[in-house]
Amino acid sequence: MAGAIHILSETLCNQIAAGEVVERPASVVKELVENSLDADAGQVVVTVENGGKSLIRVEDDGIGMGRDDLFLSLERHATSKLADEKDLFRLRTLGFRGEALPSIAAVSRMVLQSRMKDSMAGLALHLEGGEIKKTLAAGIPPGTSVEIRNLFFNIPARKKFLKTDATEFAHIADFLFRIALSFPAVRFLLHHNGRTILNLARQQELSHRVRELLGGEVFGAMTAIRRTVGDLELEGFAGSSDLHRATAAAIYTYVNRRFVRDRLIQHAVMEGYRNLLPRQRYPVAVIFLRLPPDQVDVNVHPAKREVRFRRQREVHDFIAETLTGAGRREPAATWLSGREEGDRQPAATFSTGEVPAEGPCGGPDDRIGEPFSTLAFETPAEYGALAPAAASPPRETSPSLPCGPDREAVLQGVFSFMRILGQYRRSYIVCQDGDELVLVDQHAAHERIGFERLKAQFRERGVEKQELLLPLVLDLEFNEATALEEHLEELGRLGFDVESYGNRSCVVRAVPALLDQEKVQTVLRDVLEELADLETGSSLDDALDKVFIRMACHGMVRANQALTVEEMKALLADMDSIDLNSHCPHGRPVMIRFSLGEIEGMFLRR
Ligand code: ADP
Ligand code: MG
């Protein structure tokens, strides 16, 4: 049929792109603050109202934009940070996709103002849904200010998914906290509904910013770490093992100053703390990894939260070895500028022979690769002066790996590193990881995967549903019925299509696709019970983990089942595909490791 296909309008394209980049107010703050930092700002002021739903303003004192650039910055794929495809592999800025400003503009009312240092005046553009409505001269100080009002005003479906003001604001504050850790020399201010929430002075030293943000007590129980091997460099602070937490949320990891939640890095950190922490507990750590930009691909995630390393195993082991012992709180375990084998050049230049000293347009493009050049590392007070590290011998951490061309492919995942030896009692997968013997509880693993999948689906589009062949009619108890009435819409996002008939009865038409249909009634009642427990006015977010634990633990099929090697491999690969950074369901461990030493001990061989 002729004429059925047509090119989408620019505005619609931007709205679609916004779906990827702009999830919630915090993603707007992230993009704007990153732009300010890329523009070499010494100060960034973030002002929000109602969790960012009604107002987000980000003001900086950076290089600003001239008239032409101001207009260009709103075009899709317009960026000053990338000139050709080679630049993708030598990125030194936080941004590079040239999508943020047009995407945000498409779904909001925006006032974009900027003034370059040597211009007499600035310019202000007023936009609505991405269209420029007004252009005015602006009497502003040098720098850039972006003001966003009524986010998603033209996309009601998106707006509906926003959480309470408090939750949305928490995401914003969380982001600022993380970025502020990696830019200690920048002053950050955060205001919410007229109150000042963060006010961070410019710091000469990273340690001061860390202390400022984590608090003196935690900071006092941390050890400064710094180590360079070849072109890999790590700096940071590792908490002692008694600082452990229930989740991985206090492990702050950065690659070339970009905050990431990366499975490989997290695994490496945990490996560094192996045998130091109680099971299912996580350390507090602030870790900056620096390596030449061409060794890491940051373009694998629209919001750039994940990265891919060229030499995964090397990076993994470097981090794990550097952290080993850091949690023990002995000065000897501290590594300070101990350059080791393969020490080629100061990491500060990140010279790979082809990286220009300046970015494509002479902008402040080397900020990201730049270490905290002026920052001398300090020891937390309690430790006194640090003796140079008596380098403890690097631990043997490498799992045995096949040689040959498949090696790289095998390194893709972390659980998939393990060699499968067999299955025990149709319940446990027996594996070898390096020198260690690992038992994986297949049912617990399934639950964990189910839990993480449900959570990920919920975050993205809402939990995937599956229609029931026969709708199920239920009579509810008072509490359940109230919870149902109050959370109908959220139940929809949790994967349940339920209609209330009043009178405490309801009909269920669809349930989460991951669930065992036999158990629908039990699971729904459980979920309602959790929702009923919620304090009035608090958001579903607060109970999410509990809800998903309930769902995963009743709903997942497959316990006590013989698995083929292929199925076991698939299960381990699934473990790799879930986000281990998210909160773990408190419960039984998914796997247990035995070190060679432990096993030799059992055989009285030591
Ligand atoms: P990206 O950051 O990926 O380049 P954006 O859409 O976020 O894409 O921004 C487009 C361009 O606008 C940037 O490359 C930069 O040149 C300019 N820009 C955006 N924000 C600022 C700012 N706060 N200060 C100076 N220039 C800015
Ligand atoms: Mg940007």
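This is a predicted model: local features need pLDDT of at least 70, side-chain atom pairs count only at pLDDT 80 or more; totals for chains, interfaces and linings use all residues.

Tutor: Residues are numbered from 1 along each chain as its sequence is written, chains are lettered from A and ligands numbered from 1 in the order in which they are written, and side-chain values use heavy atoms, with hydrogens and water left out.

Student: What pLDDT does the protein average?

Tutor: pLDDT is the predictor's confidence in each residue, from 0 to 100. At least 70 is scored by 79% of the residues. Residues 329-413 stay under 50. The protein's average is 78.

Student: How is the pair of Y254 and F259 classed?

Tutor: Rings of Phe, Tyr and Trp (its six-membered ring) pair if their centres lie within 6.5 Å; planes under 30 degrees apart count as stacked, over 60 as edge-to-face and the rest as tilted. Here the centres are 5.4 Å apart and the planes at 75°. The pair is therefore edge-to-face.

Student: Is Y254 buried or exposed?

Tutor: Buried means under 20% relative accessible area, exposed over 50%, partly exposed in between (1.4 Å probe, protein chains only). Y254 has 1% relative accessibility, so it counts as buried.

Student: Which residue lies over the face of F153?

Tutor: A charge sits over a ring if NZ of Lys or CZ of Arg is within 6 Å of the ring centre and within 35 degrees of the ring normal. At 4.0 Å from the centre of the F153 ring lies R109.

Conventions: Contact means heavy atoms within 4.5 Å.
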